[in-house]
Structure formats: structure tokens, C-alpha cells
Amino acid sequence: MAAALDARDGITGGHSHRVTEYAMGIGRSMGLADSRIERIRIAGMVHDMGKINTPDSILKKPDILTREEFDIIKQHAAFTRSIIRNLKLPHDLDGLADDAGLHHERLDGSGYPDGLKGDAIPPIARILAVADVFDAITSKRHYRDAMPITQAIEEIKKGKGSHFFPDCVEAFLLYYEKDLAVRFSGAKGFRTW
């Protein structure tokens, strides 16, 4: 499913795989059990499935989205949840729809699709939020270039305590220093893989 979604757009292709990799690294930095890491892997791969319902004219727009267009793209989170809820999954994956579909919720309640706040946000969705933003800002998009890595790290740090849960940011920073820094050390700080 993730490969089908990534194939829609050469610019954003690979996003689901990178978010999954980053989220698993964050989970490992948090000392999560292998069973939780596996759940993160599955949630990461399907976190943007709802974008299958987003028109190409919005998904591939080579300019900043209008408010109305952004409202349409925000619907992907609720669509992701709906798609996953309609799958016949084993009982050990109960709640996966929320783990994946709530990755745009924010600690302070200003996220979407439900405007959840604090502990109402599932722990895996909290991890995916950091991984998703990091990949989004360090990847080229139709309307902008990738952000330099030093600036991206500062953006993640700035979101600590408002957008992101502090423990997730701290785990991301540990993971970045241990595993990702060398991969991002290419010319001008952009990702080189």
C-alpha cells in the first residue's frame, strides 16, 4: 500500500519508508520492546494512506497551498484512519488506525484531525509526528527545496513541548546523533541518500 502511494509522486516518493525508518529509530532510542517497534513499522508504512483520496492537483501543486487546499490535504489523516479501520487486522493490531491516522495531532491540541491534546494522543502517533515532520522538512517538495539539516533540527527542537512530546524529541535527537548525522553530512547539509 505504501509503495502504491509513493509511486503517485516522484518528488515525495519514499516518504513512508523514511518516516518508518525514523520512527523506528526514535522508538529504539526510547528503549521500546521489539513488539512496539514492529507496530511502529506497520503504522509508519500506512500513516499517509489517506492521501490516496487527495487530488493530484493539490498533492503535486508546485506552489504553496491555499487555505482551502490545505483543508483538503488535512483530510488525509481521517481517511487513513477510516481505511485502516475497515481492514481485517489481527487483534494485536487493535488501535492501529489511531496510531497511524493521528500523526498530525499536536501536544498542545492544535493538530488534526481531532484536535487531541496531551495524553489523548496515542504514543505511536506521537513518535510518528516527529518522524513525519523531520522527513517533510528535509525532503524536496513541489513548492520548495529541502531545508538544511541544521535548520531542520532547530525546527524539531522548537516544537518540543508544543507540537511534539518532549520525550519523543529527546529520543529523536539521540537517534539522529547516533545513526543519522553521518547520512546528513553531505554538501550544504542536505540529505545525500
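Visitor: How many salt bridges does the structure hold?
Guide: This is a predicted model, in which local features need pLDDT of at least 70, side-chain atom pairs count only at pLDDT 80 or more, and totals for chains, interfaces and linings use all residues. Residues are numbered from 1 along each chain as its sequence is written, and side-chain values use heavy atoms, with hydrogens and water left out. A salt bridge is a side-chain nitrogen of Lys or Arg within 4 Å of a carboxyl oxygen of Asp or Glu. The number of salt bridges in the structure is 17.

Visitor: Which helices hold D135 and R18?
Guide: The side chains of D135 and R18 form a salt bridge, at 2.5 Å from N to O. Helices (H or I, at least four residues) are DSSP runs, numbered from the N terminus. The pair ties together parts 117 residues apart in sequence, because D135 lies in helix 7 and R18 in helix 2.

Visitor: Is D135 buried or exposed?
Guide: Buried means under 20% relative accessible area, exposed over 50%, and partly exposed in between (1.4 Å probe, protein chains only). D135 has 0% relative accessibility, so D135 counts as buried.

Visitor: What separates R41 and E38 along helix 3?
Guide: R41 forms a salt bridge with E38, with the closest N and O atoms 2.7 Å apart. Both residues lie in helix 3 (residues 34–46), 3 residues apart, so their separation is about one helical turn.

Note on methods. Helix = DSSP H or I, 4+ residues; strand = E, 2+ residues; numbered from the N terminus.
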